[in-house]
Amino acid sequence: MKQKMVIRVHMTCDKCRSKAMGLVASIYGVERVEIQGDDRDQLAVVGDGVDAANLTACLRKKIGNADLLTVEAVVAEPKPKPASETGEASCPQQWYPGYYSWPAGTYSHCYPYSM
């Protein structure tokens, strides 16, 4: 289950912020880290299977004063339907994978050598 945690950390400079973000991002299960707040002193962490209390204790040990403000579950957003199911026409262009797969006759002016 994905969770969003907001942790207030005592960060006075950009070096402290980058150190805290790197520490949090290195934790297994963390998907996204953001800096929030008016004073840029809050870390918003989104992850799956992350222990909020352990993460806060780790920040206290490495950075300084850290307080866990909120922990809430993240609700998954519904994915939009593909264009084929909604009745819209798909892209008319065709993609050719690889370098040599383009038709030589149509694109002969693009190649410096003949195929």
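Student: In which sense do strand 1 and strand 3 pair, and over how many bridges?

Tutor: Keep in mind that this is a predicted model. Strand 1 and strand 3 pair in the antiparallel sense, over 7 bridges.

Student: How is strand 2 joined to strand 3?

Tutor: Strand 2 (residues 30-36) and strand 3 (residues 42-48) run antiparallel, joined by 6 bridges. They form a hairpin with 5 residues between them. Gln 36 stands opposite Gln 42, and Gly 37 in the turn has a positive phi of about 95 degrees.

Student: What is the order of the strands in the sheet?

Tutor: The sheet is open, with 4 strands in the order 2-3-1-4 and antiparallel pairing. Strand 2 and strand 4 (66-73) each have a single partner strand, so one side of each is left without a neighbour in the sheet. On average, neighbouring strands are turned by 20 degrees against each other, direction ignored.

Student: Where do the helices lie?

Tutor: Helix 1 lies across strand 2 and strand 3, at about 160 degrees to strand 2. Helix 2 lies across strand 1, strand 3 and strand 4, at about 155 degrees to strand 4.

Student: Which residues have the most contacts inside the largest nonpolar core?

Tutor: In soluble globular proteins, nonpolar side chains tend to be buried together. Here the largest nonpolar core has 16 residues, and Val 9, Val 24, Leu 43, Val 45 and Leu 59 have the most contacts inside it. Elements giving two or more residues to this core include helix 1 (14-25) and helix 2 (52-62). Leaving aside neighbours within four places in sequence, Val 24 is in contact with residues including Val 30, Val 33 and Leu 55.

Note on methods: Residues numbered from 1 in each chain as written. Predicted model: local features only at pLDDT ≥ 70, side-chain atom pairs only at ≥ 80, totals over all residues. Heavy atoms only, no water. Pairing = 2+ DSSP bridges. Core = buried A, V, L, I, M, F, W, Y, C linked by side-chain atoms within 4.5 Å. Buried < 20%, exposed > 50% of the residue type's maximum accessible area, 1.4 Å probe, protein only. Contact = heavy atoms within 4.5 Å. Axes fitted to C-alpha atoms, helices over the stretch in contact; angles between N-to-C directions.
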